[in-house]
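Here is a short briefing to read alongside the model. Please keep the structure open as you go through the points.

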Amino acid sequence: MENQLSKKEACIEVRDLTMEYGSFVIQRNLSFTVNRGDIFVIMGESGCGKSTLLRHMVGLKEPASGLVLYDGASFWDCDLPGRRTLMRRFGILYQSGALWSSMTLAENVALPLGEYTSLSPVEIKELVSLKLSLAGLAGFEEFYPSEISGGMRKRAALARAMALDPDILFFDEPSAGLDPISARRLDELILELRDSLGATIVVVTHELASIFAIANNSVFLDADARTMTAVGDPHRLLHESNDPKIRSFLTRGESN
Amino acid sequence: MNIRFDREPDNTLVVRIGGDWSIADGLPSTDELKRQIGSKPAPGRVAFDTSELACWDSSLLAFLVKLTDCCMQESILIAKQGLPEGVVKLLDLAAAVPEKKDARKHGGSTPFLSRVGEAALNAGQSTGEMLAFIGEAFVALIKLIRGRARFRRSDLFLLIQECGAQALPIVTLISVLVGLILAFVGAVELRLFGAQIYVADLVGIGMAREMGAMMTAIVMAGRTGAAFAAQLGTMEVNEEIDALKTLGISPMEFLVLPRMLALVLMLPLLCLYADLMGILGGGIMGVDLLDISPTQYFNETILALNLTQFAVGLIKAGVFGVLVALSGCLRGMQCGRSASAVGEAATSAVVTAIVSIIVSDAILTVIYDRIGM
């Protein structure tokens, strides 16, 4: 995995995406591009469909219309094996960790390695220790998810998401439920991972501190208009946007 | 991936790393590395040359971590300058939080005696918990009788529907088949004496006194008891039960009581239905296989049965209803806070229910015999 930050090439492209639950439209006409090496934030009020958009991007939910392209290839037009290959490039950190509760942390991280590589158990063990120590959890291999704190669970989930060296990482509310210091450490970890692995990172969050600390590109989803109302660097949006909703979101409602 | 080791004149071991590194190709062997580091004279320091390195991922990191460990043991200096920037950052990150030595779990097996002791203590504790639960349920029941129990009436009706009407299809299937089987087993023997008409007695009495109640209870233990345990267990995981407690609402009254009431009311009704379905099943077998006319079969059944026979089964069904509801709710409330704990709760609810159904059936049968029912 080389450092590919210098090249600005599209990694993920969303085109005219419409999301529906049954006949209820959640968001329509979403179009944006995530470049390689970006930290792209999906932001918006609660219930505007941020997590749903993430679910569409990672292939858990089929769009009502529109395309999700990875390096130019449409995810939903691929056949099943093709989609599996694409999904192997993803690492996903779910909102509450979603660690498998009947497995130890080591087993959680080892499962993707065992499924998708031909490594021997000893080699897997070494890689698992490496991944856990990258997440700051060295020595916690034999613990069950229920035996560790919420912040550690998040980091363990991150170790699992990184297991297969994905080049695209998706984070669903990474700092939800964390204290400010742990949340900041996680932000730093995300930056560190982007810089050293050259991974593309998509984050769903509404934590302002987090947004400004990590994002270099973003999309704002409006719950009432049911579509995106802005796209771009959140720092720039803060200063340049004329939309009162975006301004008040980015300033915690203190601008009006 | 390729690795070469070169010894410089100033006693520096240069590790030349090149090619593509990918976990798909496995990890490199460390034998050569150990040999180089252990060789005499020991290298003064280790440097890297990565000019030929193309792509890399965790496999390179894993190799370097092992190399670092080896060098640390021999106290050899490592010059990381030759490594790509990203690799150095990740290595620092991996070393940033030192391993918590006291965090590691103490391995090894516990001695046999202490395991026996632990099991005995656990058994004692769980008996205590069970008794406490039964006691609390009883207190809640008394509150209900005095009209002070707090639960939502609509919950009760929903539960009654769930464990009554919605159980009818499966109860129908099971009891018709049990009736058929009873009739068939009886017919094989009774035909030898030309007494096949008594198949009707056998099926009627068998279903009414025993099989109707027993089969319905076992079906309900698997169907509803497990559902209760899973439902309450999930509520425990989601802190919903804590939310009730902090509002001052007793989960015993709010959750357990309506479930018990629903099952105690519905199980005898289902049992009566199962009795009749079983007799119908026996009748099908009798008419079809033994050439008994439907009227004959009906009359013989009426002769064999009286209300006492049904009462015996219905009382049993009521008792089984309490047991199934209690074990489902008990295991649900005892549930731990993880997804696997919910599964364990459901399993153990069914096991507890079935064991207690069989044991109480045996006890009731002896009691009936003593009082001549």
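B:K316 is buried in this predicted model, because its relative accessible area is 2%, under the 20% limit for that class. Its salt-bridge partner is B:D361, with the closest N and O atoms 2.9 Å apart. B:K316 belongs to helix α11 of chain B and B:D361 to helix α12 of chain B, so this pair ties together parts that lie 45 residues apart in sequence. B:D361 also counts as buried, at 5% relative accessibility.

**Other salt bridges within the chains**

- Over all chains, the rule gives a count of 23 salt bridges.
- One of them is formed by the side chains of B:E253 and B:K143, at 2.8 Å from N to O. B:E253 sits in helix α9 (residues 251-289) of chain B and B:K143 in helix α4 (residues 112-145) of chain B, so the pair ties together parts 110 residues apart in sequence.
- B:D242 counts as partly exposed at 25% relative accessibility, and B:R337 counts as partly exposed at 44%.
- In chain A, a network of salt bridges links A:E9, A:R36, A:D71, A:R89 and A:D167.

**Where chain A meets chain B**

- How many residues of each chain are in contact with the other? The contact involves 33 residues of chain A and 27 residues of chain B.
- About 2,600 Å² of area is buried between chain A and chain B, and carbon and sulfur atoms give 63% of it.
- Between chain A and chain B, 6 residue pairs are in polar contact, counting pairs with both residues at pLDDT 80 or more.
- On the side of chain A that touches chain B, the elements giving two or more residues are α4 (121-134) and α6 (180-197) of chain A. Of the elements there, α4(A) gives the most, with 7 residues.
- By class, that side of chain A has 15 nonpolar, 8 polar and 10 charged residues.
- The rule finds 1 salt bridge across this interface. In the salt bridge between B:K66 and A:E126, the side chains meet at 2.8 Å from N to O.

**A closer look at B:S58**

- B:S58 is found in helix α2 (residues 58-73) of chain B.
- Is B:S58 buried or exposed? B:S58 counts as buried, because its relative accessibility is 2%.
- Which residues does B:S58 touch, leaving aside its neighbours within four places in sequence? B:S58 is in contact with A:L127, A:L130, A:K131 and A:D165 of chain A, and with B:I23 of chain B.
- With A:K131, the B:S58 side chain makes a side-chain polar contact of 2.4 Å.

Technical notes
Residues numbered from 1 in each chain as written. Chains lettered and ligands numbered in written order. Predicted model: local features only at pLDDT ≥ 70, side-chain atom pairs only at ≥ 80, totals over all residues. Heavy atoms only, no water. Helix = DSSP H or I, 4+ residues; strand = E, 2+ residues; numbered from the N terminus. Buried < 20%, exposed > 50% of the residue type's maximum accessible area, 1.4 Å probe, protein only. Polar contact = N/O pair within 3.5 Å; in protein donor to acceptor, adjacent residues only side chain to side chain. Contact = heavy atoms within 4.5 Å. Buried area = accessible area lost by both parts, 1.4 Å probe. Salt bridge = Lys/Arg side-chain N within 4 Å of Asp/Glu carboxyl O. Nonpolar A, V, L, I, M, F, W, Y, C, P; charged D, E, K, R; others polar.
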